[in-house]
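Open the model in your viewer and keep the sequence panel beside it. We will go from stop to stop, selecting a few residues at a time.

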Amino acid sequence: MDVSFDYYKIFYCVGKHKSFTKAAEELFIGQPNVTRAIKSLEGQLGCALFVRSKRKVEFTDEGEKLFCHIQIACEHIRLGEEELALCKQLQGGTVTIGATETALYGLLLPVLKKFHEAHPKIKLKIGNYTVKEALAALTNGLSDLAVVTSPLHANEKLTVTALKRFREVAVCGSDFPELTQAPVGLNALRAYPLVGLARNTITHEFYSAQFAAYGLEYNPDIEVATADQLLPVIENNLCVGFVPEFFLNAKSNVHAINIAERLPPREICLVKRAGSQLSLAAAELEKEIMQFGAREETVSSL
């Protein structure tokens, strides 16, 4: 049955106030228009909805049954409108982000801090993924955005924007002082125990390709699951390895190894579904990530 929602809205207001006059006042229309709308609705439904007298308006049995359903619908619509209004003001909503640890520490954390301070009522859900997992979650609609490291193999359903270039450095603990004296070739480095990320990661793929370019095999003695496990393993002299340069700080108990071969830089990238319409909250976060990435790239190029 094709009944105008306006009729149901007027019916809801009359039923809520038990008054044609108050319904007209709330809807900012004339009372005759309210009366005509109710008569038209009753005609289309084939039953009386109200019993009217000079003093009051009461539901018929049919009207009361209909009101129970219309009330729920109208309240849901009102709540939806209020929620959208809050979203427009960035006072509500949820943004889901898939991120690798390197991308999180290298770029995303300060952006999230600023965003959360500016929009505390927007919920942030951050998934800790490998690059492949982050892209899969994004493709399957489980994330709004992904912030990951290169190299990555994105399909045509995804749009990739490079945000920040960074380098990884070879480091060792205090038990390997000879590695800090002069440039060390990758082949010589292989004589020492190496630590790296697991074989199913993009980082492992990256180093396998770099070593292979010099006819060498990259085969770490210890494989760890996450990037933040690399530095403790190296600091405790279990292995030597490569870590993102921004992982190092004054408190890091490691020493730089000057690698003879120059390894190419990597990039932190923002990825989203191609042609997708982001929520207002997600679009605002995307804008702030892009702006921060542009500033970081400018500083690194100086």
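Where does Arg167 lie? Select Arg167 and you will find it in the loop between strand S6 (158-166) and strand S7 (168-172); strands here are DSSP runs (E) of at least two residues and helices are runs (H or I) of at least four, both numbered from the N terminus. A word on what you are looking at: this is a predicted model, in which local features need pLDDT of at least 70 and side-chain atom pairs count only at pLDDT 80 or more, while totals for chains, interfaces and linings use all residues. Residues are numbered from 1 along each chain as its sequence is written, and side-chain values use heavy atoms, with hydrogens and water left out.

**Around Arg167**

Arg167 is partly exposed, at 26% relative accessible area (buried means under 20%, exposed over 50%, partly exposed in between, with a 1.4 Å probe and protein chains only). Now show its contacts, meaning heavy atoms within 4.5 Å. Leaving out residues up to four places away in sequence, Arg167 touches Val243, Pro244, Glu245, Arg262, Leu263, Pro264 and Pro265. Zoom in on Leu263: its backbone oxygen lies 2.5 Å from a polar atom of the Arg167 side chain. Then pick Phe242, which is 75 residues from Arg167 in sequence, with a C-alpha to C-alpha distance of 9.8 Å.

**Aromatic rings**

Next, colour the rings of Phe, Tyr and Trp (its six-membered ring), which pair if their centres lie within 6.5 Å; planes under 30 degrees apart count as stacked, over 60 as edge-to-face and the rest as tilted. The count comes to 16 aromatic pairs. One of them joins Tyr105 and Phe247, edge-to-face, at 5.8 Å centre to centre and 90° between the planes. Tyr105 is in helix H5 (residues 101-118) and Phe247 in the loop between strand S10 (240-244) and strand S11 (255-257), so this pair ties together parts 142 residues apart in sequence. Tyr105 is partly exposed at 42%, whereas Phe247 is buried at 12%.

Move on to Phe206 and Tyr207: their ring centres are 5.0 Å apart and their planes at 80°, so this pair is edge-to-face. Both Phe206 and Tyr207 are buried. For one aromatic cluster, select Phe11, Tyr12, Phe20, Phe50, Phe59 and Phe67.

**Last stop: Glu286**

Finish in helix H10 (residues 280-301), where you will find Glu286. Is Glu286 buried or exposed? Glu286 is buried, with a relative accessible area of 15%. Beyond its neighbours within four places in sequence, Glu286 is in contact with Leu145, Leu270, Lys272 and Leu278.

Terms used
A polar contact is a pair of N or O atoms within 3.5 Å; within protein, one must be able to donate a hydrogen and the other to accept it, and residues adjacent in sequence count only if both atoms are side-chain atoms.
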